[in-house]
Amino acid sequence: MTDERELTLTVNGTERMIEVEPRRLLVHALRENLDLTGTHIGCDTGNCGACTVLVDGEPIKSCLAFAVQADGSEILTVEGMEELPAAAGELHPLQEGFHEEHGLQCGYCTPGMIIAGKALLDENPDPDEDEIREAISGNLCRCTGYQNIVRSIEYAADELESRAAADGGTPIDSTNSSSLGATGSEGKSIDCGLENCCGGPGVGSGDHDDGGSS
Ligand code: FES
Ligand code: FES
């Protein structure tokens, strides 16, 4: 009999309950349990950043986290961007920026790029080009459209600033603290409860290999 855990995740503002095996990766829980396929899988090894989501306000590569690690957390995926206050019922300025500045070609990296951009602008609303490039350095674009991606994030920063000014200077999007760590190629060691737990994907041997899909 399969050992499953019941998790409660607040995803894009809505509380969701799912049952998953302890080895289930967060990206698979989002895509397959919750049908949120905007979060992409490009490599399954922590290298490409296509699977980046915010967990309690911090960007993580969801192919490097177990779903059980996110139990009780607030998660933002690209599907939730339009629901943020800054979107004002339309596209979020980051989504608008990628449209206006042609920040995508095939679009496969775009969800991860938008979420990485969101994490940057939450922390640094007025980044320079080097800071933007640093912020998306964990996200690969196989179409190599980086120049326009940088411009898209600059567009969003300008737009957010002008909307905040029009709103009396109040920050439009709120941020949260992290419980899972920042985007990076290293996973976080956890004890999922399995005997001889390997400590997480990328940490030990194959007990937690959940396969992959794209
Ligand atoms: S799928 Fe490439 S970093 Fe997660
Ligand atoms: S737009 Fe194709 S991978 Fe980035």
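The questions below go from the whole chain to the sheet, its helices and a few side chains.

User: How many helices and strands does the protein have?
Analyst: This is a predicted model. From the N terminus on, its elements run β-β-α-β-β-β-α-α-α-α. The secondary structure comes to 5 helices and 5 strands.

User: What share of the residues counts as buried?
Analyst: A residue is called buried if its relative accessible area is under 20%. The protein has 214 residues, and the share of them that counts as buried is 48%.

User: In what order do the strands lie in the sheet?
Analyst: Strands of a sheet pair through backbone hydrogen bonds, either parallel or antiparallel. Here the pairing is mixed, and the sheet is open. The edge strands, each pairing on one side only, are β2 (14-20) and β4 (58-61). The order of the 5 strands is β2-β1-β5-β3-β4.

User: Which residue is the bridge partner of Glu-6 in β2?
Analyst: Strand β1 covers residues 5-11 and runs antiparallel to β2. The two strands are joined by 7 bridges. In β2, the bridge partner of Glu-6 is Glu-19.

User: What angle does the direction of helix α3 make with that of β3?
Analyst: Helix α3, residues 110-123, packs on the sheet. The strands that α3 touches are β3, β4 and β5. Its direction and that of β3 make an angle of about 40°.

User: Is Lys-61 buried or exposed?
Analyst: Lys-61 lies in strand β4. Its relative accessible area is 6%. The cut-off for buried is under 20%. Because 6% falls under that limit, Lys-61 is buried.

User: Which backbone oxygen does the side chain of Lys-61 reach?
Analyst: A polar contact is a pair of N or O atoms within 3.5 Å. The side chain of Lys-61 has a backbone oxygen at 3.0 Å. That oxygen belongs to Gly-46.

User: What is the C-alpha separation of Lys-61 and Ile-41?
Analyst: Along the chain, Lys-61 and Ile-41 are 20 residues apart.

User: Which residue lies over the face of Tyr-108?
Analyst: For a charge to sit over a ring, NZ of Lys or CZ of Arg must be within 6 Å of the ring centre. For Tyr-108 the distance from the ring centre is 4.6 Å. The residue over its face is Arg-142.

Key. Residues are numbered from 1 along each chain as its sequence is written. Chains are lettered from A and ligands numbered from 1 in the order in which they are written. This is a predicted model: local features need pLDDT of at least 70, side-chain atom pairs count only at pLDDT 80 or more; totals for chains, interfaces and linings use all residues. Side-chain values use heavy atoms; hydrogens and water are left out. Two strands pair if DSSP finds at least two bridges between them. Helices (H or I, at least four residues) and strands (E, at least two) are DSSP runs, numbered from the N terminus. Contact means heavy atoms within 4.5 Å. Axes are lines fitted to C-alpha atoms, for helices over the stretch in contact, and angles run from 0 to 180 degrees between N-to-C directions. Buried means under 20% relative accessible area, exposed over 50%, partly exposed in between (1.4 Å probe, protein chains only). A polar contact is a pair of N or O atoms within 3.5 Å; within protein, one must be able to donate a hydrogen and the other to accept it, and residues adjacent in sequence count only if both atoms are side-chain atoms. A charge sits over a ring if NZ of Lys or CZ of Arg is within 6 Å of the ring centre and within 35 degrees of the ring normal.
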